[in-house]
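Me: I want to learn how to read charged side-chain pairs in a model. Can you take me through some cases?

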Amino acid sequence: GPLHVSVYMFESDENSRLGRELGQGGARYGAQAVPEEGQVADFYVEAAERLDRAGWRRYEISNFARPGFESLHNLKYWRQQTYRGFGADAHSFDGARRWGNVKTAAEYVERFRSGLSPVDEIESLDAQHRMEEHFFLGLRQTAGIEPAVEEWRRFADPIRRLSNNGLLACDGPRLRLTDRGILFSNEVFAEFLA
């Protein structure tokens with residue numbers, strides 16, 4: 001009786017041993033046991049239906065929870081809320097900038113001892129980038145998003161096209177993925193990226 005369940009559709013990295021084996025039509029590393037893409041989607045749909053019947057509600061593409069047990073940690077990312085990360089390879093976000101610390105603990109400690117900042121990379125997000133993230137992070141959530149007037153205008157064509165194809169639904173001022181849209185979410189998100 002877990003309170004939270006995550007379900008991910010199987011993907012193999014093409015540069016991994018399994019990915020290369022699959023690309024060559026081989027049998028090593030369990031390649032022949034890997035289900036076809038359609039089967040993976042069927043397994044995901046069946047898992048989502050079973051979880052729903054058993055009382056776990058999908059609140060994000062890959063996450064299901066008993067009511068009140070949604071991951072607050074992950075919701076911060078999907079809702080573009082601010083967060084601070086401390087330690088090696090930790091990341092932070094202040095609403096306009098995202099930054100990450102050095103990758104290794106040794107380098108992090110060395111910088112700390114030397115009085116230097118552990119920050120390794122800083123990315124400033126312009127208005128367009130924040131808008132794109134609002135769509136591809138927010139649409140991951142079952143509740144969807146409430147686009148601003150400017151966003152409705154900017155993305156009018158893809159919203160109309162994706163809605164006509166049964167991948168997006170408008171519920172009053174809210175926009176969300178349909179069940180079919182969840183299965184094609186990467187393709188949907190690509191429509192909102194410059």
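**Reading the salt bridges**

Reply: Start with one pair. Aspartate 52 and arginine 57 form a salt bridge through their side chains, at 2.9 Å from N to O. Keep in mind that this is a predicted model.

Me: What is the general idea behind such a pair?

Reply: Side chains of opposite charge can pair when their charged atoms come close. The cut-off used here is 4 Å between a side-chain nitrogen of Lys or Arg and a carboxyl oxygen of Asp or Glu. At 2.9 Å, N to O, aspartate 52 and arginine 57 meet in a salt bridge.

Me: How accessible is aspartate 52? And arginine 57?

Reply: Partly exposed covers the range between under 20% (buried) and over 50% (exposed). Aspartate 52 has 40% relative accessibility, so it counts as partly exposed. Arginine 57 has a relative accessible area of 42%, so it is partly exposed.

Me: Which residue meets glutamate 133 in a salt bridge?

Reply: Arginine 98 does. The N to O distance for these side chains is 2.8 Å. Now look at where the partners sit. Glutamate 133 is in helix H5 (residues 127–138) and arginine 98 is in strand S5 (residues 97–101), so the pair ties together parts 35 residues apart in sequence.

Me: Are glutamate 133 and arginine 98 buried or exposed?

Reply: Both glutamate 133 and arginine 98 are buried.

Me: What about a pair within one helix?

Reply: Take glutamate 107 and arginine 111. Their side chains meet in a salt bridge, with 3.5 Å from N to O. The two are four residues apart in helix H4 (residues 105–113), so about one helical turn separates them. Glutamate 107 has 36% relative accessibility and counts as partly exposed.

Me: How many salt bridges are there by this rule?

Reply: The count comes to 14 salt bridges. For the charges overall, the protein has 25 positive and 30 negative side chains. The centres of those two sets lie 4 Å apart.

Me: Now step back. What does the protein as a whole look like?

Reply: Begin with the elements. There are nine helices and eight strands. The C-alpha trace spans about 55 × 50 × 40 Å along its principal axes.

Me: What share of the residues is buried?

Reply: Of the 194 residues in the protein, 33% are buried.

Me: How do I read contacts along the sequence?

Reply: Ask how far apart the partners are in sequence. Among contacts between residues at least 6 apart, 45% join residues at least 24 apart.

How values were computed
Residues are numbered from 1 along each chain as its sequence is written. This is a predicted model: local features need pLDDT of at least 70, side-chain atom pairs count only at pLDDT 80 or more; totals for chains, interfaces and linings use all residues. Side-chain values use heavy atoms; hydrogens and water are left out. Buried means under 20% relative accessible area, exposed over 50%, partly exposed in between (1.4 Å probe, protein chains only). Contact means heavy atoms within 4.5 Å. Lys and Arg count as positive and Asp and Glu as negative; His and the chain ends are not counted. The place of a charge is taken as NZ of Lys, CZ of Arg, CG of Asp or CD of Glu.
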